[in-house]
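Colleague: I would like to go through the model feature by feature. Please give the general idea each time, then the case at hand.

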Amino acid sequence: GNIMKEILNILLDFIISYTLIFILYYFFFVFKKTKYNKKKVPVEYYYLVRVYGLDEKKINYKKFLYTSAIINTFIIALTYVIVFHLLDNWLWQLLCSIILIILLIIIMYGILGRHYQKRGKKNV
């Protein structure tokens, strides 16, 4: 019925948002930066290396850029869909967006950091 239609609309919105954001993210943050350059390393990279005590030599930098692009796109698209479909007051949207983004960064990069720790014995 009506609830299924709403769920499908939200899902479609998420898929479209995710695709568009990923394309933009790719061209702005991944496309020209696949070569490791110590001065232009994304903050997520340093965060993971420091917090999880990772060996930088064991991280495939290009693979990391793609992974972080997928994660960051997911965070942005999910936040957008949740906030704009559930809230109609801009102040609540802003506050919830900030909280959601921080929580999702902690969760998603926490999972990635532990993944790298587990695979630290091998080359990732």
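Modeller: A crossing is left-handed if the near helix is turned anticlockwise from the far one by less than a right angle, and right-handed if clockwise. Here helix 3 passes helix 4 in a right-handed crossing. The model is predicted: local features need pLDDT of at least 70 and side-chain atom pairs pLDDT 80 or more, while totals for chains, interfaces and linings use all residues. Residues are numbered from 1 along each chain as its sequence is written, and side-chain values use heavy atoms, with hydrogens and water left out.

Colleague: What elements does the chain have, and in what order do they run from the N terminus?

Modeller: Helices (H or I, at least four residues) and strands (E, at least two) are DSSP runs, numbered from the N terminus. The chain has 4 helices and 0 strands, in the order α-α-α-α. Its C-alpha trace spans about 50 × 30 × 25 Å along the principal axes.

Colleague: At what angle do helix 3 and helix 4 cross?

Modeller: Axes are lines fitted to C-alpha atoms, for helices over the stretch in contact, and angles run from 0 to 180 degrees between N-to-C directions. Under 35 degrees counts as roughly parallel, over 145 as roughly antiparallel, 65 to 115 as roughly perpendicular and the rest as oblique. The axes of helix 3 and helix 4 cross at roughly 150 degrees and come within 9 Å, so the two helices are roughly antiparallel.

Colleague: How do helix 2 and helix 4 lie to each other?

Modeller: The axes of helix 2 (residues 43–51) and helix 4 (residues 90–118) come within 10 Å and cross at roughly 55 degrees. The pair is therefore oblique, and its crossing is right-handed. Glu44, Tyr47 and Leu48 of helix 2 meet Tyr109, Leu112, Gly113 and Tyr116 of helix 4; these residues divide into 5 nonpolar, 1 polar and 1 charged.

Colleague: How many aromatic pairs does the structure hold?

Modeller: Rings of Phe, Tyr and Trp (its six-membered ring) pair if their centres lie within 6.5 Å; planes under 30 degrees apart count as stacked, over 60 as edge-to-face and the rest as tilted. The structure holds 13 such pairs. Tyrosine 80 and phenylalanine 84 have ring centres 5.4 Å apart and planes at 40 degrees, so this pair is tilted. Both residues lie in helix 3 (residues 61–86), 4 residues apart, about one turn of the helix. Ring pairs also link Phe14, Tyr18, Phe22, Tyr26, Phe27, Phe31, Tyr66 and Phe74 into a cluster.

Colleague: Is phenylalanine 84 buried, partly exposed or exposed?

Modeller: Buried means under 20% relative accessible area, exposed over 50%, and partly exposed in between (1.4 Å probe, protein chains only). Phenylalanine 84, at 46%, is partly exposed, and tyrosine 80, at 32%, is partly exposed. Isoleucine 3, in helix 1 (residues 2–30), counts as exposed at 66%. Buried residues make up 30% of the 124 residues in the chain.

Notes:
Contact = heavy atoms within 4.5 Å. Nonpolar A, V, L, I, M, F, W, Y, C, P; charged D, E, K, R; others polar.
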